[in-house]
Amino acid sequence: MTTEEKSLDSQSSKKVKRIESKKRKAVAFLQLAKDVEAVKASMKDSDDDDEVHTQAKKQKIPEAFGDIASFVTQEKSTKISEDNSEEVTKPKLSGDALLELRKTLREKQRASLDKPKVFLTLDALALEYGAMLCKESLISTLPPLFMLDVQHLLLYAIQGNLSSYRPRWCKLLRPGRVSSVVVIVLDGVGSDDYQTHPESFSNLRKFFEMSVDMVPPVEYGSSVADELLYVPLSLREKIQIRKTNHEKQEHYTMINVEPMAPIIGEKVPQTGQVSVIKNEPKQETAEDSEIKNIEVTSEQLPASDRFPRTHLLLSTSQMVLESFPMPILNTNTDFVYTKEEYETVTNRSPIFAVDCEMCLTVRMKSELTRVSVVNENLECIYDTFVKPNYKIRDYLTRYSGITKQILDPVKTRLSDVHKHLRKILPADAILCGQSLCGDLNALQMFHPYVMDTSVMYNLNGDRKRKTGLKRLTAVFLRRDIQMGSSGHNSIEDATATMELVKVKLANDIAFGDCVLGGAMFPPEDQGDAGIKVDQESQGDTGIKVDQESQGDAGIKVDQESGSDSKSDQQRIVASTSMQGTRDQHTLVDVESQSKSETLSHRQIIDRRRSFFHNISNRCYRSLFSIVKELNKTAALVDEMSVVQQHADQDVVAMESDCDRTSKSLSKSYVEYHDFVYTCFPSYKKELEETQTEEDKKKLLGRMDKRLGKVLKHTRANSLITVVLSGQSTAQNCQSAKTFIKIV
């Protein structure tokens, strides 16, 4: 055999080997495919026991390499034929049957649009609240929800688009289609009871799919009935009352809430002492009346004010909607009160403007780096830089003007700021600011008397869209602020805020508010800023602070300082760093004293109760009077004290001292009345005598069974709200819980 023949033979043998190798690989691949198909077939066979269909899908392994293409083609054609066979089995409509089906679908769609619908919006609310706490992070934090939020839902369902409120925690579509509103309160039942004994709430769990935890009213000395059935008067309603009594001399019914003790340790009046007072012509009662709150003689006002400054205070509902910090259970645990005791606010209570600068720490939260306080004379009585307790991630210099070089030598901490503010603020101080909720959250402090320039001024006619301080200053003070590229100056911002408040007080309560139809520009005789500033108290470019009056609580700023903000900041830093050690000896550690005191649970509740009472405007309307104005009927089933409060409100009010009576009355009321409020009181009454968990389960199960019977009698398209009132005792603290549904 020649060399060439050997070479050809060698090449042919290698080629045969390669072909054989490819065939073996192909056979192995097909064997694997077969195993996969066999597994799928066995799984499908176990599901529907279709042995015939499984056997039809089995395929033989091709014996040669050339059969691979035909095998794959056969598999695809088999699957396509199976799919087509399934499609053929589906019924196809045509002609009259198809037209009838389309007509049915259109009717169902039209019917769904005629029905009201409610759903939760907690995710959007949490993102909005988290952005308010820290604009530079995407933290989702749900704000505390109150019974006031439930009241906003009820008002929107009853009044529709006429309501001044919209619920922030849920969305109600087509409120005009709501046939009735039913509120059922399970008194004494808390969220923990619902989670611990799920078997006792079979009807509640089956009927409702949406629920949310809320702050129990008992935590701050109130009740569910007081929170839901008394509607605070809006500013527009107060103005209308004033016009009505001036022009038409008509009567108006108001609800007066008796004052609560403002000092811890004093005897507190019984919760919920509410009386209804009618204003007769040419007569005044000794009680605080709504007209007396609105009509104030000029002798009671400061010379610069044209109307009571207390009218600019935010009410409880406004503070809740604006996300102000509130002293409630399990939230804001690191916050402190601005004062241990508060005095009643008056029309001569001093106003202080507060502005803070913040940075972003590693906790992804905005934390305080500077705070400034300005009084009514436009004097800066306190200004200091603050070093956060956590490592700073972003100084936010473009907004705050704070840099690492400024904060490095600072020794002042947040606790030091608390001591200073508690010392310099009087007990009836009114704090004002632009979006003050963010400043108080950064300060980690509670305060009941607050004004907000972003609320009292409105340039676009929409309460949800706030106008910035820079634009408000340009429009109403006729000057520019925040023009530098090195960030904001908190003294400048606080001063502008105070001037805006003074301009408002010098004009009218509707001034600068498009929603109330107020004027947009001050009179010419008020000057460029709308107020007169004593030249001795403020220079051209700086603010003078009296060192003797300021003491150790503030930082002196030279009147003639005309340098840039950077040099001012450096001078303030130097003063701040020098005073750090001195303040530790001259100031009384109020916080440590308060922590050393052991407050009882009753005293804590009294303090919260006093706080919420102080921010209340004491002017309310009964929810039943609103229902009556709309020519709707209402029914009330509750204990004697609640029934007596609303007996003259043209409502079917029946007393009930047990769940059985509440069930019997409510079953008929929910069928015929447009608004029904009923309470199941037995659990709270029998809870004190209940010793074991088994007894609790029986009580809850019995209550749930009666609740289910009432729910079966509700009308179609009704908004059903079930409220677990919650508990707040020294041994057991449970949050409230609210369930909502459209039936």
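Contact here means heavy atoms within 4.5 Å. Helices (H or I, at least four residues) and strands (E, at least two) are DSSP runs, numbered from the N terminus. You are looking at a predicted model, in which local features need pLDDT of at least 70 and side-chain atom pairs count only at pLDDT 80 or more, while totals for chains, interfaces and linings use all residues. Residues are numbered from 1 along each chain as its sequence is written, and side-chain values use heavy atoms, leaving out hydrogens and water.

Let's start with the sheet. Its seven strands form an open sheet in the order β4-β23-β20-β3-β19-β17-β18, with mixed pairing; two strands pair if DSSP finds at least two bridges between them. β4 (210–214) and β18 (652–655) stand at the edges with a single partner strand each, so one side of each has no neighbour in the sheet. Within the sheet, β3 (residues 181–186) and β20 (residues 719–724) pair in the parallel sense over six bridges, and Val-185 stands opposite Val-723 in β20.

The angles run from 0 to 180 degrees between N-to-C directions, with axes fitted to C-alpha atoms, for helices over the stretch in contact.

| Helix | Strands it lies across | Angle |
|---|---|---|
| α26 | β3, β17, β18, β19 | about 165° to β19 |
| α28 | β3, β19, β20 | about 175° to β3 |

The helices α26 (residues 659–672) and α28 (residues 693–711) also pack together at about 15°, their axes 9 Å apart. That makes α26 roughly parallel to α28 (angles under 35 degrees count as roughly parallel). Among the residues that meet are Asp-659 and Lys-663 in α26 and Arg-706 and Val-710 in α28.

Key: Angles under 35 degrees count as roughly parallel, over 145 as roughly antiparallel, 65 to 115 as roughly perpendicular and the rest as oblique.
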